[in-house]
Each structure stands twice: as structure tokens, then as C-alpha cells.
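I opened this notebook to keep track of what I looked up, one topic at a time. The entries follow the order in which I went through the structure.

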Amino acid sequence: MNYDKLRESVMKIKMPDDMKRDIISETSTSVTIKKRKKGYRLIKPAAAFAAAVLCVSVTVPVLAAKYDPVYEAMYSIAPAAAQFFRPVNMSCEDNGIRMEVVSADVHDSTAQIYITMQDLTGDRIDSSVDLYDSYDINTPFDSTGNCTIVNYDEDTKTATFLITVEHMHNKKIKGDKLTFSVGKFLSNKIVYEGTEIPYSLSDIESVSQTQEVDWTGCSGPEIERMFDGQLSGREKFTALIPYEPYADFPVQGIEFTGMGYIDGRLHIQIMIRDHLKNDNHGYFYFTDSDGIKQDESYDFSFVKYIGDERVDYNEYVFDVSPEELSGYTLKCNFWTCDTLTEGDWSVTFPIK
């Protein structure tokens, strides 16, 4: 592969010198590991070559669409070049929702951007709106970023979000463009905090039948100890076999499907339908007569299918004996949503 010719072609592109140097550096390295907000990606010379060729041949309109594969491919290899060719677009509208950049401010290595989302046709945006981890922040440099809601105007049905981006190498941010994209959001959230579960704790017994499940997630203070800090994804958890949901469970969108002792530890199980569309989640805890909390030791989640329907289960494990249960009250904190709105919203703007 003729890298000298490639470098010569790159030098003819009308873009800032630092971007050219980044691309040339990538084509000169046998193997490069680039750090991105979603993890590490291994880049080989052929991929770097393809990306640089794209820089030479593509035109600005080609990079306008959020899901354009050319833009995605270029950004994965040479984010500075991808953002250079991305046209400025301060607002967009899809599915009756308008997204707009309000302001952008830079302080040395940190940029703060305010963006609004407004429902033009209905009531899908409210004070509980949650972007559901569906947003992307694309920058021309290595960075970390987050997005939080800071205000909601009920009269105009407008939510304001603050995006904070920090340069990973603590360098000054100047003269660059940033792209913020959203694919879906949740709203009409209901919060259950300190909700008491009217379930009799006096006769909880050991279960004789269990199941081994492949986990989709796990957390808690004992997880690392259980697997010596080395989670491979191949471990299995011992779980309750679900029974008929408890009719008086007070949380909408969550079904209480089991409670019992396995190997001396108390397991509590819930089931969530359409979890990918509602992100319903939360946790249990016990309180004694003095209000002192007893938290879980760990929890895990797994997936089963009922026909063609995907069903998600969460199981919470406690180190609490049957004798201790008589003095405890079971409570929960849960967050549920019933409205998912999907679309394609993307803005690109200079940060000065």
C-alpha cells in the first residue's frame, strides 16, 4: 500500500493542519488503539487507509445524515476529519419533536452546551423526560461527556438539557464542531421511593427447585469477591423459578414473581415486560423498627422468552436470616415509564 502517495493526497485537503497530522499519523502506524467514549477500538492500517481515502473523496452533503455509514466509518477512524466535513445544523425536527442548540460556552478544556427539545404536537415531553442513554456526543478530539435535564417549561412543553464535554488530555477546546444526536427518549416517569411491599415475611421458606441462568447484568458489593474480580460473562447464577405474579405488588410496570431462600440467602425476583422500551428499574431493601436499612449483597439480571416475547428478570440477594425477617419491613425504590418516543434528532454546532 503506497502510504507516501496517501500522505501526499491528504496534504492537499483543505482542513486545519492538526487534522491532517492526525490522519497522517494513523496511516503511518502499524497498529493503533484509539480511545473513544464507548471503549477501545483496534485500528489496522487498511482501515486507516480507507478512512483517509474517504477524507479525500467525500463531499460535505454526504456527511449530513446521522446514520450515514460514511460518517460513522470516518468518525470511528478520524473523528477530527469527520467533524470538519460535518455541516453546521443548529436545529432539527422529527416526529413532531424539535431539538435546538441554545448556547455553547467553552472554558479551557471544558465545553458546556444547552440544548432544548420541544414537543410541537403532543404531550410526550415532560419534567421526567429521560434520554435513556440513547444520545451520542461526537467530538473531533478524545473526550468524556454527559447530558442532564436542567429545566422544563410546561407552557411550551420544552425541556432544556446541559451537555458537558471535557477534553481527555486537558487541552484547550477551540475552533471545533460538536455533534449531539438522540434516537429516543422516555417520559411520563413514575417514581416509587420508600414504597412498602405488603407481603408477609413470616413464612418465607427455602426453595427446592432453582434454575441456572446466564446473566445480562450484575452489581453489588459482593460481585467482585464472588468471581475473584474476574467476570468473563460465562458465569451462571442460581435463580428462583418464577411463580404467578403477586397481585398486590404496588409498582406499575413491575411484576413480583418470587421470594425464597437459596443456600441460606434470601432471593427476591421481579419480571419486567418490554424492558427495552421502558427502562423500568429499581431495587429492594429492608428496614428495621429504628429505620436502619439492610441493603442487598448483590443482584443480577437475566432474560427468558415466553413464546416470541422477551421478558427480563432481576433478582436481588440478601444476607438476612428467617429469624431477622420478623423485625424487618420490605421496601423498594423503583422508577417506571410508559411512553417511549423514537426519532432521529441531530445537531452540529461550533464550540467557540
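Predicted model: local features only at pLDDT ≥ 70, side-chain atom pairs only at ≥ 80, totals over all residues.

I then looked up the secondary structure, and the protein chain has eight helices and 21 strands. For contacts with a separation of 6 or more, I noted that 69% are between residues 24 or more positions apart.

**Aromatic pairs.** How many aromatic pairs does a search of the whole structure find? The search gave me 20 aromatic pairs, and I followed two of them in detail.

Phe302 is in strand S18 (residues 298-306) and Tyr313 in strand S19 (residues 309-318), and the two are 11 residues apart. Here too I found both partners, Phe302 and Tyr313, to be buried.

I also noted a cluster in which ring pairs link Tyr199, Tyr246, Phe249, Phe256, Phe284, Tyr316 and Phe334. A charge came up beside the ring pairs: the charged end of Lys293 sits over the ring of Tyr285, at 4.4 Å from the ring centre.

**Nonpolar cores.** Which members of the largest nonpolar core touch the most other members? The core has 29 residues, and the ones that do so are Met99, Ile113, Ile115, Met117, Leu131, Phe180 and Phe349. When I asked where this core comes from, I found that two or more residues are given by each of strand S4 (97-107), strand S5 (110-119), strand S6 (135-138), strand S8 (158-167), strand S9 (176-187) and strand S21 (339-351). Another core, of 24 residues, lies apart from the largest one, and among its residues are Phe256, Tyr261, Ile272 and Tyr316.

**Leu266.** I looked up Leu266 next and placed this residue in strand S15 (residues 265-273). Its relative accessibility is 0%, so I counted Leu266 as buried. Not counting residues up to four places away in sequence, the residues that Leu266 touches include Ile204, Met259, Tyr261, Phe286, Tyr316 and Leu325. Leu266 and Ile204 are 62 residues apart along the chain, and 8.7 Å separates their C-alpha atoms.

**An open sheet.** I traced a sheet of four strands, open and antiparallel, in the order S10-S20-S16-S17. Its edge strands are strand S10 (190-196) and strand S17 (293-294), each of which pairs on one side only. Between S16 and S20 I found seven bridges in the antiparallel sense, and Tyr283 has Asn333 in S20 as its bridge partner.

**Cysteines.** A search of the whole structure for disulfides returned zero. I checked two cysteines for burial: Cys92 has a relative accessible area of 13% and is buried, and Cys337, at 10%, also counts as buried.

**Positive phi.** Asn170, although not a glycine, has a positive phi of about 60°. Is Asn170 buried or exposed? I found it in the loop between S8 and S9, and with a relative accessible area of 62% Asn170 is exposed. Asn188 is another residue other than glycine with a positive phi, here near 55°. Asn188 is in the loop between S9 and S10, and at 31% relative accessibility I counted Asn188 as partly exposed.

Definitions and conventions. Residues numbered from 1 in each chain as written. Heavy atoms only, no water. Phe/Tyr/Trp six-rings, centres within 6.5 Å; stacked < 30°, edge-to-face > 60°. Buried < 20%, exposed > 50% of the residue type's maximum accessible area, 1.4 Å probe, protein only. Lys NZ or Arg CZ within 6 Å of the ring centre and 35° of its normal. Core = buried A, V, L, I, M, F, W, Y, C linked by side-chain atoms within 4.5 Å. Disulfide = S-S within 2.5 Å. Pairing = 2+ DSSP bridges. Contact = heavy atoms within 4.5 Å.
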